[in-house]
Amino acid sequence: MEIGLITLAVILATLLGWLLKQSFNTQPWIAEQVSATAHHGPLGGSSNTRLIALMTLMAVVTSFFALILSAYALRMELGDWVPMTEPQLLWTNTVMLIFASLALQWTRNGAVKGQASRLKPGLIATGVLTAGFIIGQLIAWQQLQAGGQLITNNPSNAFFYFLTGAHAVHIIGGMYVWARATARVMLGTAEGGTIRRSIELCTIYWHFLLLVWLILFGLLLST
Amino acid sequence: MSYVAIADRDHEQEHHDPQTFITKYIWSQDHKVIAVQYGITAVFVGLIALGLSAMMRLQLGFPDQFSFINPENYYQFITMHGMIMVIYLLTALFLGGFGNYLIPLQCGSRDMVFPFLNMLSYWVYLLSVIILLISFFVPGGSTGAGWTLYPPQAIMQGTPGNDWGILLMLASLAVFIVAFTMGGLNYVTTVLQARCQGMTLMRMPLSVWGIFIATILGLLAFPALLVSAIMMLFDKTLMTSFFMPAISSMGADPGYTGGSPILFQHLFWFFGHPEVYIVALPAFGIVSDLLSTHARKNIFGYRMMVWAIVAIGGLSFIVWAHHMYVSGMNPYFGFFFATTTLIIAVPTAIKVYNWVLTLWEGNIHLRVPMLFAIGFIFTFIHGGLTGLFLGNVTIDLPLSDTYFVVAHFHMVMGVSPVLVVFGAIYHWWPKITGKMYNETLGKWHFWMTFLGTYAIYLPMHYLGFAGVPRRYFAMGNTEFLPDSAQDLNAAITISALFVALTQILFFVNMIWSLWKGPKSDPNPWDATTLEWQTPDHPPKHGNWGHELPVVHRWAYDYSVPGYEEDFIPQNVPADKAPAGRDHGEDH
């Protein structure tokens with residue numbers, strides 16, 4: 001459970017540090033005049049709200065994967081564990097996911113600078129590369145099945161299918177948001193600010209899931 | 001400047017103003033309606049769970065007298081009673097119900113920041129409840145694995161509901177977690193982003209603090225339950241061996257190899273222990289507000305109360321294995337977890353002292369919500385003290401799996417939070433409905449419930465010391481148990497049925513209040529928090545009319561010296577009150 005604990009400790013420490021900053025040395029019982037127009041911290045714009053919601057969601061997803069990895073580490077210690085040989089295709093898939101992230105970053109930079117011409121090609125490239133990753137993962141599964149590497153063979157196989165599947169589900173969830181942003185760009189139904197914010201959040205999520213994948217992939221390769 | 005901004009907000013608001021009965025009460029995005037939907041659904045399943053406990057008690061008190069209770073469905077009753085009470089009633093009611101109602105109103109916002117997601121959260125929760133209830137009617141019935149669902153027995157032949165029941169249970173939990181995550185994102189983001197001007201974090205009422213930290217715990221802990229539910233589903237349906245050891249079942253080899261049931265226990269309790277505080281922290285917060293309001297005194301040690309909530313929340317993640325002392329763990333682990341468990345008693349004790357000190361020399365009004373709040377202090381102290389026994393490895397070993405444990409957790413996380421639930425309903429009922437209830441009936445409800453629960457759970461401690469094991473359908477001819485143990489069991493059953501029936505008083509009172517109850521004052525308790533200062537009573541969609549409130553003070557300005565009234569609402573400007581010395585000089 002160490003992995004889960006360390007991850008949670010980091011999340012909780014971040015939260016605690018922030019709380020301390022907010023509450024240290026305050027004297028809540030003292031009333032003070034607050035002007036209705038004063039900017040007193042909260043009431044940020046909607047993009048900020050969404051960013052906080054996204055960060056909270058990423059904390060939940062981090063906890064989810066950290067706990068699977070904890071279970072992985074605990075289960076690995078038992079006698080019947082036989083390391084699995086990962087299909088080579090995973091390298092190609094990893095490269096595709098890296099390029100998907102880069103494409104989205106490029107799109108985001110364009111959106112921030114107001115270069116609208118980047119949006120369509122950038123978003124489409126992201127979609128194609130990400131879909132390529134998912135399809136690549138499915139093919140990897142098929143290769144394993146064809147080679148007799150079934151989910152029931154060994155706990156290492158079971159964890160492989162579970163981890164890759166769970167990761168793919170999170171990417172597919174992100175694809176839903178990507179699809180909405182792309183549709184808005186294609187149909188021109190939203191103003192620039194909304195699209196920019198949406199792309200910014202997508203980019204953070206894509207990088208996050210890339211990082212999760214790199215950790216998972218590294219772990220799968222090394223065990 | 002501010003006028004324009006607020007006008008803008010109102011304009012935005014109109015877009016999702018409910019127009020028809022369906023958008024207003026069914027597919028509503030209003031946090032208050034969603035709160036009531038959550039509340040009604042949770043109380044409904046809670047009543048089913050109450051009925052199940054009555055059936056269990058009938059068997060225990062009067063063994064083999066009732067033909068409709070056999071060992072199989074007894075285990076199903078146990079399992080479903082526990083699971084429903086912990087997850088589908090208490091978690092849903094505190095966070096989905098009170099969280100939804102109180103966060104926007106007490107923080108001075110118009111709604112949750114993502115109203116659509118909030119609505120979705122309720123409907124997905126309802127779906128999880130429906131899946132859960134369907135499991136009563138599938139072949140083999142609901143699961144009888146105990147609420148902890150330990151493998152291997154949870155999915156092995158011989159356990160009731162090992163086929164459809166356990167599958168639906170795991171599916172329902174997974175769906176519940178999705179619903180909770182949608183709600184939780186809303187609660188956290190709303191607290192962080194949508195507080196009104198002046199509502200700094202350290203001016204928030206403790207109810208919001210409790211709900212906020214509990215939500216964070218839930219968001220980080222529920223994934224452990226999700227992971228274990230998915231892995232067990234794989235073990236059940238795909239024949240993987242995450243948890244399932246090499247085992248033979250009914251003389252046959254089901255095909256599992258070398259999995260670890262202990263791994264499941266770790267994951268389960270990594271969720272399970274924070275879950276205790278997911279239920280307890282909102283109760284801590286709410287009870288603090290009830291005590292302060294009805295004692296007309298500021299909460300003692302507000303900052304300490306906030307930090308105690310945060311500390312308990314953090315510590316709750318490193319005590320989980322105290323549920324597993326009998327699993328054969330390394331004694332050093334046991335020592336570590338016993339130590340952390342005892343450390344968590346420190347912030348908890350600080351809270352209890354502060355509640356008592358809040359009452360000290362207060363102007364105590366023994367109204368119904370206050371009775372429940374004070375009742376909570378009693379039951380929580382009793383349940384908490386037995387926790388100190390069970391937290392120590394050497395004392396836990398003989399007491400583990402006896403009725404002492406049953407008595408402990410029912411006092412600390414059954415009766416105590418439920419008393420707060422009742423107190424909170426009585427407290428906020430006038431705000432939610434605009435009606436008053438019958439005070440006398442409420443007091444009868446309190447005394448019968450409070451004394452009745454003691455009649456149930458105090459004797460259980462003795463049964464536990466005598467060695468009566470929990471989860472047994474019948475004791476048979478167990479030599480070390482005296483006959484009087486059975487008499488005690490019968491008495492407990494009678495008390496339990498009495499307390500269950502007493503709850504009718506509550507429902508009669510509330511239904512009568514809705515139907516014929518007198519209109520309530522907008523602020524019947526003279527409370528300071530924002531929800532009592534809304535322009536409409538009960539608050540309408542958007543909560544605040546044209547202008548959002550501005551907060552100038554904390555939520556505990558009760559009996560401020562030099563001020564005529566014994567409370568100053570949070571939105572009263574600092575230069576108007578208490579006017580301290582100036583005000584005094586005027587008179």
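I count a residue as buried if 20 or more other C-beta atoms, placed from the backbone, lie within 10 Å of its own. The model I am reading is predicted, so I note that local features need pLDDT of at least 70 and side-chain atom pairs pLDDT 80 or more, while totals for chains, interfaces and linings use all residues. Residues are numbered from 1 along each chain as its sequence is written, and chains are lettered from A in the order in which they are written.

Chain B as a whole. I looked up burial and found that 55% of the 587 residues of chain B count as buried. I then checked the radius of gyration, taken over C-alpha atoms; for chain B it is 25 Å, close to the 25 Å that the globule rule (2.2 Å times the number of residues to the power 0.38) gives for 587 residues, so chain B is as compact as a globular protein of that length. The C-alpha trace of chain B spans about 85 × 50 × 50 Å along its principal axes.

Helices α4 and α6. I looked up how helix α4 (residues 71-107) of chain B packs with helix α6 (residues 164-193) of chain B, and found an angle of about 25 degrees with the axes 10 Å apart, the axes being lines fitted to C-alpha atoms over the stretch in contact. Because of that angle, α4(B) is roughly parallel to α6(B), a term for angles under 35 degrees. For the contact (C-beta atoms, placed from the backbone, within 7 Å) I noted B:I87 and B:L95 among the residues of α4(B), and B:F176 and B:Y187 among those of α6(B).

Terms used:
Axes are lines fitted to C-alpha atoms, for helices over the stretch in contact, and angles run from 0 to 180 degrees between N-to-C directions. Helices (H or I, at least four residues) and strands (E, at least two) are DSSP runs, numbered from the N terminus. Angles under 35 degrees count as roughly parallel, over 145 as roughly antiparallel, 65 to 115 as roughly perpendicular and the rest as oblique. Two residues are in contact if their C-beta atoms, placed from the backbone, lie within 7 Å. A residue is buried if 20 or more other C-beta atoms lie within 10 Å of its own, exposed if 12 or fewer, and partly exposed in between; C-beta atoms are placed from the backbone.
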